[in-house]
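Please read them with the coordinates open beside you.

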Amino acid sequence: MAAVAISEPVMTAPAYTADPDVALAAAGDRRAFERLYRVHTNRVFTLCARMVADRTRAEELTQDVFVRAWEKLHLFRGESAFGTWLHRLTVNVVLNDRKTEGRQRSRFEDDEDGDGIDGLAARPTTPGDRMDLEMAVNKLPKGARRVFTLHDVEGYKHEEIAEMLGVTTGATKAQLHRARMLLREALSK
Amino acid sequence: MTTPTMTPDCDGFANALSEYLEGDATDAVRAAVEAHALACTSCAALLADLQGITTNASALPQLTPSRDLWNGIAERIDAPVIPMSAPSVRQVVRRTWVRPALAAAALVAITAGVTHYITRASLTSTAVVPPVAVVPIVAAPVEPTAEFTSTATESPAPTPTRPPSTRLASSSIDIGEPVLDSEISKLRRIVNERRSQLDPKTIAVLEQSMVVIDSAIAQSRAALVKDPASGFLATQLNRSLEKKVDLLRTATLLPASD
């Protein structure tokens, strides 16, 4: 996959926000920022966890996202909802995360070249125990998992995903189809 | 790229499936996919499964971290910012220069007033001079320092036979020196905090200049101990202190090295 060059999501529209805590936090109010954290933390963590398939790392990344949000909040001008801005920031933080890249390289040795969902054979199963979708997504190869999470779970369009990942929409569509087929295979076992 | 047509078999169905699910298929392909799904149970099951995965994916529940992550975030956003921002430096310097500037203005006003008073007094042949503002020159010679040795040999020190005159007392020392000392110590503190941001060569030049200025200050102060009423020495001391302030102020405003 091509190298990803991602810029911070910068909003340049006239200052406006419906959430007073956003304006307060942008002015340096830490309590307001904590309230924003309480509201948005699960959504940020969920996206991180599904993108990196590692809950411990996802917690670290969630912290990184909020620290980055605190630093960049003055750039938020309310062109979109704060949640949307934060969501996009989360994607950027995850995609730029070198640490996760390193860990996953060791977890998925044949990642992009692999034909199936990693780790299925090693996973202890009991008769009648079917893998649920959450678990199956976590087992997807990195590229397929990212595209599936961003498109089918989070609702991003192919054009947006392609821009974030630095690839073509053709590539994201191919990854998505691959992910769906692998998930079907995993879920039907 | 969309496929204009689809072969009406399972392979054709599989090839067209992605486009169909993405909504990219042409009307003809869409109709062909749906027709094949009606006729083939396994392809119909595949289509239903993939549509089900998409539907279920969008309904996946939110996950929750195993712990409250706020403390770690709070620690990081509360951490002191190491680089000193340019506006705050300027503010510090601006603030620290208010008092010396006021002192200098006061000094100029006092000097002008006293000079005017003395001039007027001499013109009217009045010998009485207010003792608070002026002091008689003292006879103690100026001890030449290393800096002034050459000039001292060329122009002899004033002798007691010189006609009596009056000059300002050491008001410049009394007003200016403590203020300048205070500013120097504040600026010095700022520069010390910025040391790690500055290029080592710049620091070396700065320190070298500081040694020269400090030496001049020390010499002036030593000479003033022996000749406390010397206006020349007081002026020299003030000039040296001002040079030190200028140097430190410049250092506080130097851009951080990369």
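1. A residue is called buried here if 20 or more other C-beta atoms lie within 10 Å of its own, exposed if 12 or fewer do, and partly exposed in between. On that basis, 39% of the 189 residues in chain A are buried, while for chain B the buried share is 16% of 258 residues. Please bear in mind throughout that this is a predicted model.

2. The secondary structure of chain A consists of nine helices and zero strands, so that its pattern along the sequence reads α-α-α-α-α-α-α-α-α. Chain B has 10 helices and two strands, and its elements follow the order α-α-α-α-α-α-β-α-β-α-α-α. When contacts between residues at least 6 apart in sequence are considered, 69% of those in chain A join residues at least 24 apart, and in chain B the corresponding figure is 70%.

3. Where the chains meet, 26 residues of chain A are in contact with 21 residues of chain B. On the chain A side, at least two residues each come from helix 2 (30-52), helix 3 (55-72), helix 6 (133-138), helix 7 (142-153) and helix 9 (169-187), and helix 2 of chain A gives the most, with nine residues. By class, the chain A residues that touch chain B comprise nine nonpolar, seven polar and 10 charged.

4. Helix 4 of chain A has 14 residues and spans 20 Å from its first C-alpha to its last, which is close to the 20 Å expected at 1.5 Å a residue. The buried residues in helix 4 of chain A are F82(A), W85(A), L86(A), H87(A), L89(A), T90(A), V91(A), V93(A) and V94(A), and what covers them includes helix 1 (20-26), helix 2, helix 3 and helix 8 (158-165) of chain A.

5. A second pair to inspect is helix 7 and helix 9 of chain A, whose axes come within 8 Å and cross at roughly 95°, which makes helix 7 of chain A roughly perpendicular to helix 9 of chain A. In this contact G143(A), A144(A), R145(A), V147(A), F148(A) and H151(A) of helix 7 meet T172(A), Q175(A), L176(A), R178(A), A179(A) and L182(A) of helix 9, and the contact has six nonpolar, four polar and two charged residues.

6. The C-alpha atom of L187(A) is separated by 9.6 Å from that of M135(A), although the two residues are 52 residues apart along the chain.

Note on methods:
Residues are numbered from 1 along each chain as its sequence is written. Chains are lettered from A and ligands numbered from 1 in the order in which they are written. This is a predicted model: local features need pLDDT of at least 70, side-chain atom pairs count only at pLDDT 80 or more; totals for chains, interfaces and linings use all residues. Two residues are in contact if their C-beta atoms, placed from the backbone, lie within 7 Å. Helices (H or I, at least four residues) and strands (E, at least two) are DSSP runs, numbered from the N terminus. Ala, Val, Leu, Ile, Met, Phe, Trp, Tyr, Cys and Pro count as nonpolar, Asp, Glu, Lys and Arg as charged, and the others, Gly among them, as polar. The expected span of a helix is 1.5 Å times one less than its number of residues. Axes are lines fitted to C-alpha atoms, for helices over the stretch in contact, and angles run from 0 to 180 degrees between N-to-C directions. Angles under 35 degrees count as roughly parallel, over 145 as roughly antiparallel, 65 to 115 as roughly perpendicular and the rest as oblique.
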